[in-house]
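Here are a few notes to read with the model open beside you. Take them one at a time and find each spot as you go.

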Amino acid sequence: MFTDAQLAQYEEQGAVTIDTPFTPEELDRAEAVWDRLKQNGGAPYDDPDYIEVVQHPYFEEVAKKVLRAEAVHLWWGLAPHERAPAEPPYTDPRDQWAQGCHIDIQATWDDFEATPRRMRAELWFWVNDVPEHRGAMRILPGSHRPIMEHWGRVLHPDHKTQLPRVHGLRPQPVPQTAAAYPEYVPDMGDTPWIECEPTAAVAQRGQILILCSAGLHSAWQNQDDVPRKAMGTSW
């Protein structure tokens with residue numbers, strides 16, 4: 001169900017949404033455990049129903065294909081992730097992008113092109129529908145490549161040995177309260193990053209967003225009356 005054409009889209013755009021083999025009954029069980037954990041605040045890895053979802057072999061097979069690897073391991077398992085309904089008035093979309101766009105992973109293009117790929121495979125599993133207005137993540141397709149090529153040109157060799165690494169950076173202007181201040185992602189084209197038009201990563205229940213967070217993306221306000229429900233894993 002994860003085709004070579006979809007892998008090519010991931011490599012070109014930094015994101016692709018794919019189908020999964022989960023049945024409606026399995027999705028009902030996944031959403032039920034999501035609801036239960038959000039309600040009671042329990043530890044996800046103490047819940048056998050949660051474990052049953054994230055250990056499904058499909059995630060591992062997808063991650064192996066993304067990473068060009070014969071074997072992978074679960075590096076980070078996100079607790080049930082919520083994008084709760086926001087209170088109006090809602091922030092202007094241009095301002096949401098300008099204030100929220102960022103990268104999470106610093107890596108070079110050589111890291112991305114290596115075999116096995118020196119990158120993490122990030123799989124966002126949606127347990128309810130993600131229409132555009134329900135806080136669908138915004139992504140700037142293709143931004144991962146020029147940004148990673150930039151790191152390859154400017155970083156010192158000793159710095160590159162630390163890559164890939166989790167290192168959240170954003171375009172200018174960077175507030176002094178930002179964790180990585182004063183570092184930033186420089187503009188590389190005629191249009192500044194914060195003025196670009198992102199794409200909404202819409203999805204249907206049971207699909208997976210495969211994301212390269214070395215490219216620019218942003219959280220988004222949920223203008224619906226129900227939360228966006230996700231389980232995320234990184235490999």
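**Notes on a predicted model**

1. Start with helix H1, residues 4-13, where Gln-6, Leu-7 and Tyr-10 are buried. Keep in mind that this is a predicted model. Why do these residues sit on the same side of H1? Because they cover an arc of only 105° around the axis. As background, an α-helix has 3.6 residues a turn, so residues three or four places apart point the same way.

2. Now turn to the other face of H1, the one directed away from the buried side: Asp-4, Ala-5 and Glu-12 are exposed there.

3. What covers the buried residues of H1? The cover includes strand S1 (15-18) and strand S8 (208-211), along with helices H4 (57-67), H6 (109-113) and H7 (144-154).

4. Finally, the largest pocket has a volume of about 250 Å³. It is lined by 15 residues, and the closest to its centre are Pro-93, Arg-94, Glu-197, Pro-198 and Trp-220. Which helix gives the largest share of that lining? Helix H5 (residues 93-100) does, with four residues. By class, the lining has seven nonpolar, three polar and five charged residues.

Note on methods: Residues numbered from 1 in each chain as written. Predicted model: local features only at pLDDT ≥ 70, side-chain atom pairs only at ≥ 80, totals over all residues. Heavy atoms only, no water. Buried < 20%, exposed > 50% of the residue type's maximum accessible area, 1.4 Å probe, protein only. Helix = DSSP H or I, 4+ residues; strand = E, 2+ residues; numbered from the N terminus. Arc of directions from axis to C-beta. Contact = heavy atoms within 4.5 Å. 1 Å grid on protein atoms, 1.4 Å probe; cavity = no way out; pocket = protein on both sides within 12 Å on 5 of 7 lines; lining within 4 Å. Points joined across faces, edges and corners; volume = space filled by probe spheres on them. Nonpolar A, V, L, I, M, F, W, Y, C, P; charged D, E, K, R; others polar.
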